[in-house]
Amino acid sequence: MAICYNKLWKILIDKHMSKTQLIKEAKISTNAMARLGKNADVRVEVLVKICSVLGCTIDDIMEIIPEEKEQ
């Protein structure tokens, strides 16, 4: 399964918030932000901090895309 954080980037645009502002307000590392930018796995703790700052839930900032099975 693949993870996609496009919803997070849309929320940041809608709230006129930069990635740097989110890093500071959510108190997450630049490494965690880099992993989000690559649609890589991050700790749930990071996602919870982001949701707390943005006032949303985890499914508002990410989606899990199932891999298509070959038949």
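Two residues are in contact when heavy atoms of theirs lie within 4.5 Å. The model is predicted. Its protein chain has 71 residues, of which 35% count as buried.

**Overall architecture**
- The secondary structure of the protein chain consists of 5 helices and 2 strands, and from the N terminus the elements follow the order β-α-α-α-α-α-β.
- Along the principal axes, the C-alpha atoms of the protein chain fill a box of roughly 45 × 25 × 15 Å.
- Among contacts with a separation of 6 or more in the protein chain, 60% join residues 24 or more positions apart.

- Cys4 belongs to strand 1, which covers residues 2–4.
- Cys4 is buried, because its relative accessible area of 7% falls under the 20% limit.
- Leaving aside residues up to four places away in sequence, Cys4 touches Asn39, Ile61, Met62, Glu63 and Ile65.
- Cys4 and Asp41 are 37 residues apart along the chain, and their C-alpha atoms are separated by 9.7 Å.

**Surface**
- The protein chain exposes about 5100 Å², and carbon and sulfur atoms supply 52% of that area.
- Val44, Val48 and Ile58 form a nonpolar surface patch, with about 240 Å² of accessible area together.
- Val48 lies in helix 4, residues 44–54, and is partly exposed, with a relative accessible area of 46%.

**Aromatic rings**
- The charged end of Lys19 sits over the ring of Trp9, 4.5 Å from the ring centre.
- A search of the whole structure finds 0 aromatic pairs.

How values were computed. Residues are numbered from 1 along each chain as its sequence is written. This is a predicted model: local features need pLDDT of at least 70, side-chain atom pairs count only at pLDDT 80 or more; totals for chains, interfaces and linings use all residues. Side-chain values use heavy atoms; hydrogens and water are left out. Patches are made of residues with over 30% relative accessible area and no salt bridge: like charges are joined within 9 Å, nonpolar side chains (Val, Leu, Ile, Met, Phe, Trp, Tyr) within 5 Å. Accessible areas come from the Shrake-Rupley method with a 1.4 Å probe; for residues, only the protein chains shown count as cover. A salt bridge is a side-chain nitrogen of Lys or Arg within 4 Å of a carboxyl oxygen of Asp or Glu. Helices (H or I, at least four residues) and strands (E, at least two) are DSSP runs, numbered from the N terminus. Buried means under 20% relative accessible area, exposed over 50%, partly exposed in between (1.4 Å probe, protein chains only). Rings of Phe, Tyr and Trp (its six-membered ring) pair if their centres lie within 6.5 Å; planes under 30 degrees apart count as stacked, over 60 as edge-to-face and the rest as tilted. A charge sits over a ring if NZ of Lys or CZ of Arg is within 6 Å of the ring centre and within 35 degrees of the ring normal.
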